[in-house]
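Please open the structure in your viewer and keep the selection tool at hand.

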Amino acid sequence: MEYIWYVIAALGAGIGTGLAGLSAATVMVPILIVLCPSFGGESGAYQATAIALASDILGSAATTITYAKHKNIDLKRGWIMLVCILVMSTVGSYAAWLAGNVVLGSFTLFLTFFIGIRFLVKPDTSRKDTASKGEKLDPKGVIISLFFGLTIGFGTGFVGTGGGMMMLVVFTAFLGMELKTAVGTSTFIMTFTALIASVSHVMIHPAIILERWDVMLICIIVATVSSLVSAQFANRVKSRTVGLVTGAVLTVLGAAMLILNFRTQISQILFPV
């Protein structure tokens with residue numbers, strides 16, 4: 001039964017990456033730690049995070065290629081974020097190992113739900129005064145890139161996300177990128193950050209490869225194929241449509257995972273003895 005959940009988790013992760021540049025961990029980690037008993041141990045969330053990061057590598061690369069074909073990547077406005085995130089992702093990986101299972105598991109569950117709500121409230125994050133592709137960053141843009149690049153980089157290693165959703169918000173709301181350009185740029189960065197964070201996780205906890213190689217292989221293949229298909233869809237429809245679909249899926253998934261994970265506490269509140 002767990003193998004079915006592996007496929008569903010990877011499928012959802014790939015669709016999220018292709019549609020809106022979301023990290024695989026946004027969908028994959030909550031499903032693995034809540035619905036798969038084998039990920040319920042002391043290091044379960046850490047292993048789920050490492051598998052999600054590994055799935056992000058090829059999934060983000062496939063998505064990047066699709067967006068690049070439609071000329072929806074702008075590295076001139078994203079290179080500072082790329083450098084900062086690469087540096088801090090390793091630091092975050094080590095901090096995640098020290099934090100433990102409870103912190104990581106709970107954080108990713110709430111993250112999935114609130115990202116979904118955010119997309120439903122505002123499906124198109126693009127601002128009216130979008131910057132031209134290739135336009136250089138002004139001093140304000142440099143400061144914003146440094147601040148968010150360092151914080152997102154740490155979160156990439158700590159929570160196991162490629163930082164896609166957070167980068168998407170920064171690129172559109174603060175740096176003026178058009179939504180599809182922001183998605184393409186963020187998935188390009190995620191390809192490298194996921195690689196570094198994934199290797200860091202494996203080096204810190206080598207048992208992931210020995211014990212979970214089959215799960216990792218399944219998730220990588222399914223996530224890569226689904227991200228490629230969904231990216232092709234996203235480049236052919238309006239940005240608002242992509243946002244609404246992504247928001248609906250993540251909100252329902254996040255709510256379901258929270259209810260399942262905290263069902264004992266919810267029962268005690270609703271039906272006290």
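A patch, as used below, is made of residues with over 30% relative accessible area and no salt bridge, in which like charges are joined within 9 Å and nonpolar side chains (Val, Leu, Ile, Met, Phe, Trp, Tyr) within 5 Å. A salt bridge is a side-chain nitrogen of Lys or Arg within 4 Å of a carboxyl oxygen of Asp or Glu. Accessible areas come from the Shrake-Rupley method with a 1.4 Å probe, and for residues only the protein chains shown count as cover.

The model is predicted: local features need pLDDT of at least 70, side-chain atom pairs count only at pLDDT 80 or more, and totals for chains, interfaces and linings use all residues. Residues are numbered from 1 along each chain as its sequence is written, and side-chain values use heavy atoms, with hydrogens and water left out.

**The surface patch.** Select Trp213, Leu217, Ile221, Val225 and Val229, which form a nonpolar patch on the surface with about 520 Å² of accessible area together. Leu217 belongs to helix α9 (residues 207-234). Helices (H or I, at least four residues) and strands (E, at least two) are DSSP runs, numbered from the N terminus. Leu217 is partly exposed, at 44% relative accessibility; buried means under 20% relative accessible area, exposed over 50%, and partly exposed in between (1.4 Å probe, protein chains only).

**The whole chain.** Now colour by secondary structure: the protein has eleven helices and zero strands. Of its 273 residues, 53% are buried.

**Helix α2.** Select residues 24-35, the twelve residues of α2. From its first C-alpha to its last, this helix reaches 16 Å, close to the 16 Å expected at 1.5 Å a residue; the expected span is 1.5 Å times one less than the number of residues. Eleven of the twelve residues in α2 are buried, including Met28, Pro30 and Leu32.

**Aromatic rings.** How many aromatic pairs does a search of the whole structure find? The search finds six. Rings of Phe, Tyr and Trp (its six-membered ring) pair if their centres lie within 6.5 Å; planes under 30 degrees apart count as stacked, over 60 as edge-to-face and the rest as tilted. Select Tyr6 and Phe39, an edge-to-face pair at 6.2 Å centre to centre with 85 degrees between the planes. This pair links distant parts of the chain, 33 residues apart: Tyr6 is in helix α1 (residues 2-20) and Phe39 in the loop between α2 and α3 (44-69). Both Tyr6 and Phe39 are buried. Then show Arg212, which lies over the face of Phe39 at 3.9 Å from the ring centre; a charge sits over a ring if NZ of Lys or CZ of Arg is within 6 Å of the ring centre and within 35 degrees of the ring normal.

**Helix α8.** Select Val199, in helix α8 (residues 179-204). Val199 is partly exposed, with a relative accessible area of 41%.

**A loop residue.** Finish at Lys71, in the loop between α3 and α4 (79-99). Lys71 has a phi near 55 degrees, a positive value in a residue other than glycine. Most residues other than glycine have a negative phi. Lys71 is exposed, with a relative accessible area of 66%.
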